[in-house]
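Please look over the sequence and the structure first, then read the points below.

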Amino acid sequence: MKIVVDSNDYEIRQAPGRGDEQPELLPLDYSVLPKRSDLRRFYGLSMSFARNDLKLRYFASAGGYLWTLLRPILVFGTLYIVFSHIIRMGGTIENYPAYLLLALTLWTFFADSTLGGVTSLVDRGDVVRKVHFPMLVVPASLVLTNALHMVLNLLVVGVLIVLLGVTPMLSWLGAIPIILIWMIFANGVSMFLSVAFVRFRDMQQIWDVATQVLFWATPIIYVSIFPPEPLRQILYCLNPLAPMISEMRRLVIDPTAPTAVEIAGNGYLLLVPAGIIVGTVALGMYVFVRHARNVAEHL
């Protein structure tokens with residue numbers, strides 16, 4: 001039971017088997033981050049939320065997992081036809097179908113994680129108001145759900161790109177750190193957006209437009225060497241997804257492709273997107289910790 005005393009929330013906690021004694025009045029724990037002693041519970045809650053989301057996504061419909069593959073396959077097919085047979089840009093890129101599949105899979109994860117992260121706290125408003133747990137679980141579990149979904153898709157993509165003529169290489173293991181950084185960056189963006197949306201409901205429309213711009217600013221349907229050099233360096237400095245996806249192409253698809261340093265023209269320029277990633281995650285964590293405690297008041 002929750003009561004309010006002097007504008008503070010308290011919980012009446014009755015010791016088991018001692019109903020005749022005075023109940024103990026304890027402050028409710030509106031924690032945002034998990035305590036060190038509570039990391040196992042945080043992990044368990046995150047996995048539980050992720051499992052429930054996966055069950056709803058895969059088992060609540062007859063198509064199940066096949067439906068989750070339908071959208072990226074349709075997008076891939078449309079873009080491949082347009083840019084390989086109409087505009088004929090893909091013909092100049094080695095293993096273009098494999099590259100397009102890989103890039104779209106990574107982009108779909110980022111877009112789904114951040115767009116879903118915008119409304120994640122509001123969507124789980126009933127749980128946030130009634131159950132007290134580290135609220136970081138909400139955006140983290142959403143990113144985890146999409147990460148598990150991405151891993152499943154990457155397994156399928158791995159089989160497809162081999163069928164398309166790409167030879168499996170040990171360099172594929174080098175893609176793992178990039179995918180982890182990709183996930184951390186998406187989580188940082190989601191933390192910031194989830195809190196911002198609670199107070200500023202226009203954030204959903206703003207980020208929806210921003211993701212459309214970011215899609216075309218990221219080398220997904222083209223490779224990084226296509227834009228002219230001044231524009232290429234600007235894209236590399238302002239869009240941290242660009243160097244990561246270029247390295248994924250080199251590690252997984254084409255080992256002869258230029259490295260991110262070669263594309264940027266100066267290795268020091270890559271410190272800018274690295275700083276954006278670190279700054280975004282730090283800002284997302286700071287804003288989430290500072291404002292998530294008051295989220296329940298605005299839901």
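## Briefing on the chain

The cover over the buried residues of α9 includes α8, α10 (241–253), α11 (260–264) and α12. Those buried residues in helix α9 (residues 229–238) are Arg232, Leu235, Tyr236 and Cys237. The model is predicted. The chain has 13 helices and 3 strands.

**Overall make-up**

- Of the 299 residues of the chain, 44% count as buried.
- Taking contacts between residues at least 6 apart in sequence, 74% of them join residues at least 24 apart.

**Helix α7 against helix α12**

- Helix α7 (residues 175–199) packs with helix α12 (residues 271–291) at an angle of about 35°, and their axes are 8 Å apart.
- The crossing in which α7 passes α12 is left-handed.
- On the α7 side, the residues that meet α12 are Ile181, Ile184, Phe185, Gly188, Val189, Met191, Phe192, Ser194 and Val195.
- On the α12 side, the residues that meet α7 are Ile276, Ile277, Thr280, Val281, Leu283, Gly284, Met285, Val287, Phe288 and His291.
- By type, the residues of this contact of α7 with α12 are 14 nonpolar, 5 polar and no charged.

**Helix α7 against helix α8**

- The axes of α7 and helix α8 (residues 203–217) cross at roughly 145° and come within 9 Å.
- From α7, Val189, Leu193, Ala196 and Phe197 take part in the contact, and from α8, Met203, Gln204 and Trp207 do.
- The residues of the contact of α7 with α8 comprise 6 nonpolar, 1 polar and no charged.
- Val189 of α7 is listed in the contact with α12 and is also listed in the contact with α8.

**Aromatic rings**

- A search of the whole structure finds 5 aromatic pairs.
- The ring centres of phenylalanine 110 and phenylalanine 185 are 5.7 Å apart and the ring planes are at 10°, so this pair is stacked.
- Phenylalanine 110 lies in helix α3 (residues 96–118) and phenylalanine 185 in helix α7, so the pair ties together parts that are 75 residues apart in sequence.
- Phenylalanine 110 and phenylalanine 185 are both buried.
- Phenylalanine 215 and tryptophan 216 have ring centres 5.1 Å apart and ring planes at 90°, so this pair is edge-to-face.
- Phenylalanine 215 has a relative accessible area of 12%, and is buried because that value is under 20%.
- One aromatic cluster is formed by Trp107, Phe110, Trp182, Phe185, Phe215 and Trp216.

**Charges over rings**

- Arginine 201 has its charged end over the ring of phenylalanine 197, at 5.0 Å from the ring centre.
- Arginine 249 has its charged end over the ring of tyrosine 99, at 5.9 Å from the ring centre.

**The loop between α2 and α3**

- Isoleucine 93 lies in the loop between α2 (65–86) and α3.
- The relative accessibility of isoleucine 93 is 5%, so this residue counts as buried.
- Apart from neighbours within four places in sequence, isoleucine 93 is in contact with Tyr222, Val223, Phe226 and Arg249.
- From isoleucine 93 to alanine 257 there are 164 residues in sequence, while their C-alpha atoms are 9.9 Å apart in space.
- Asparagine 95 lies in the loop between α2 and α3.
- The phi angle of asparagine 95 is near 55°, a positive value in a residue other than glycine.
- Asparagine 95 is partly exposed, with a relative accessible area of 23%.

**Helix α6**

- Alanine 140 is placed in helix α6 (residues 137–163).
- With 16% relative accessibility, alanine 140 counts as buried.
- Alanine 140 and alanine 186 are 46 residues apart along the chain, and their C-alpha atoms are separated by 9.7 Å.
- Leucine 160 is placed in helix α6 and is partly exposed, with a relative accessible area of 34%.
- Leucine 160 and alanine 98 are 62 residues apart along the chain, and their C-alpha atoms are separated by 7.6 Å.

Key: Residues numbered from 1 in each chain as written. Predicted model: local features only at pLDDT ≥ 70, side-chain atom pairs only at ≥ 80, totals over all residues. Heavy atoms only, no water. Axes fitted to C-alpha atoms, helices over the stretch in contact; angles between N-to-C directions. Helix = DSSP H or I, 4+ residues; strand = E, 2+ residues; numbered from the N terminus. Left-handed = near helix turned anticlockwise from the far one by under 90°. Contact = heavy atoms within 4.5 Å. Nonpolar A, V, L, I, M, F, W, Y, C, P; charged D, E, K, R; others polar. Phe/Tyr/Trp six-rings, centres within 6.5 Å; stacked < 30°, edge-to-face > 60°. Buried < 20%, exposed > 50% of the residue type's maximum accessible area, 1.4 Å probe, protein only. Lys NZ or Arg CZ within 6 Å of the ring centre and 35° of its normal.
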